[in-house]
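Please read them with the coordinates open beside you.

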Amino acid sequence: MSSRLAFDQRFRQWQENNIQNKNLSISSLITIPVVVHVIYNTATENISDAQIQSQIDILNKDFRNLNTDKLASTHAFYNLSGDAGIEFCLAKEDPIGNAVSGITRTYTSLQEFGNESNMKYAALGGVDAWDTKRYLNIWVCNLGKQLLGFATYPTAFEYAPNEDGVVLNFNAFGIMGTAKAPYNNGRTATHEIGHWLSLRHIWGDDNNSCDDDDGIDDTPNQFGATAGCPSGVLVDGCTVSSTGVMYQNYMDYSDDACLVMFTKQQIVKMRFVFDEIRTEMLSSPICSRTTGIANQVHSKVNIYPNPIQNYLSIEGLPKTRNKKYSVELFNMIGELVFSTAIPADDTLIEMTELPIGTYVLKIYNNDFTTIHKVTVVK
Ligand SMILES: [Ca+2]
Ligand SMILES: [Ca+2]
Ligand SMILES: [Zn+2]
C-alpha cells in the first residue's frame, strides 16, 4: 500500500474514533511560519518582496474563506465551503534564532529545475530547507514551461524531511510582477499547500474514471481534471446531479479565477495533519516574535547623501551571521540597473554612471533586508 493511501486510512480511522470531530470547524487558529526561498538565474526570476507578500496575503484569505471571489451565498456549494482557520506569516526568525525577513535569495547557475528536487539542495544549485518541523518551506524558481508547482504529501515528512514543502514556478506565484495569467491569482500556492496538508486532487487521480475519489465525503465524485474556467453547472459521468461537479475547488485544475473554495471535510483533513504529523507547528512562536537583531538596528542603517551625486555611503548594517550584503538598485519600471556586494562594514559606493532619476535601493542578505527610495542628481 502506498504511504499516501496508508495516511488516508489513518485519517478515516481517526474520523471514526472522533465522531464528534467529524464536522469540526475551527477549534483554534493555526499560524504557519513560511520561509520563501527565491532561487534565480535571471534578474526577472528574483521576484520582489511585494510579489511574495501578495502571495502570503492570498493564502491568508483563501485559508480563512475570506477571498473576495467566493461563491454567492445562493450557490449550491456555498454551505459546503469553510474556513480552515489556518494563517501564514513570513518567518520572523531563522532556525538559529536570528531575526529575518522570511525570504532567502540565492543565485543559481541552473536555468531551469523541472520536476526534480534539486532546488531543495544547496549542493545541487538550490537552497537547503529550513527545519521542516517548524517551517513551511516554499521554493520559488524557474520550473520550465510545463509546470506550475508541486508539493510533498505529509507522509514525505517521515521519510524525506529535507524535501518537505512546496515548490512553485516563479510565474505562477503571487498576483503581480512575474505572475502570468491565467495563474496570477495565487491559487497554485493554495492548491499545493492543500497537498502539503494531505488533500488529493478532487477527481481522485484515477486516469479519467469514476473508480476512485479523493477520499473526501463532501466533494462530488469527478471524472477527471477540469481545464480553463467553466461557468454554471458542470456534470460528468460520475456526477449527474443538478449541482454538478465542484470545479471551483482549490484541488481541481481549473484556472486561478475559478478556484475559490475548500470544503468542510477537506478542512477537517487538513487540520488532522496538525494533530498527527505537523504537531510542532501548532505552538510555534516564529510568527509572533516581535523583537530581534534586525529590528533593533533597523533604524540605525544610514544611507546618505540622498539625493546621490557620485557616491553613496551606507553605514550601520547589522552584523548578521551572513557577513556580506548585496546592494541592488532598480529603476522605476523595476529593472535592475546596478548591483554590487559589500561587507557589513561602513562602505562608500561609487555611482557615477547612473542616469538622473528615482530608484529603489535594496540592501540585503539572507538575514536582513532594507529598502530605500533614492534619487540621483548630477
Ligand atoms: Ca469526494
Ligand atoms: Ca475520477
Ligand atoms: Zn495538484
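Which residue in strand 13 does Val-360 stand opposite?

1. In this predicted model, the residue that stands opposite Val-360 is Lys-373 in strand 13. Strand 12, which covers residues 357–364, runs antiparallel to strand 13, and eight bridges join the two.

2. These strands belong to an open sheet of four strands, whose order is 10-9-12-13 and whose pairing is antiparallel. Strand 10 (336–343) and strand 13 (369–376) are the edge strands, each of them pairing on one side only, and neighbouring strands of the sheet are turned against each other by 20 degrees on average, direction ignored.

3. Turning to the helices, nine of the ten residues of helix 4 (residues 187–196) are buried, so this helix is largely enclosed by the rest of the structure. Among the buried residues are Arg-187, His-191, Glu-192 and Trp-196, and what covers the buried residues of helix 4 includes helix 2 (49–62), strand 5 (149–151) and strand 6 (166–169). Just after helix 4, Ser-198 takes a positive phi of about 85 degrees.

4. The domain assignment divides the protein chain into domain 1 (3–281) and domain 2 (293–376), and the C-alpha centres of these two domains lie 35 Å apart.

5. As to confidence, the protein chain averages a pLDDT of 89, and 94% of the residues score at least 70. Over residues 291–299, however, the pLDDT is below 50, although this stretch has 16 contacts in the model beyond near neighbours in sequence. Where pLDDT is low, the predicted coordinates should not be read in detail.

Methods. Residues are numbered from 1 along each chain as its sequence is written. Chains are lettered from A and ligands numbered from 1 in the order in which they are written. This is a predicted model: local features need pLDDT of at least 70, side-chain atom pairs count only at pLDDT 80 or more; totals for chains, interfaces and linings use all residues. Two strands pair if DSSP finds at least two bridges between them. Axes are lines fitted to C-alpha atoms, for helices over the stretch in contact, and angles run from 0 to 180 degrees between N-to-C directions. pLDDT is the predictor's confidence in each residue, from 0 to 100. Two residues are in contact if their C-beta atoms, placed from the backbone, lie within 7 Å. Domain bounds come from an automatic or database domain assignment. A residue is buried if 20 or more other C-beta atoms lie within 10 Å of its own, exposed if 12 or fewer, and partly exposed in between; C-beta atoms are placed from the backbone.
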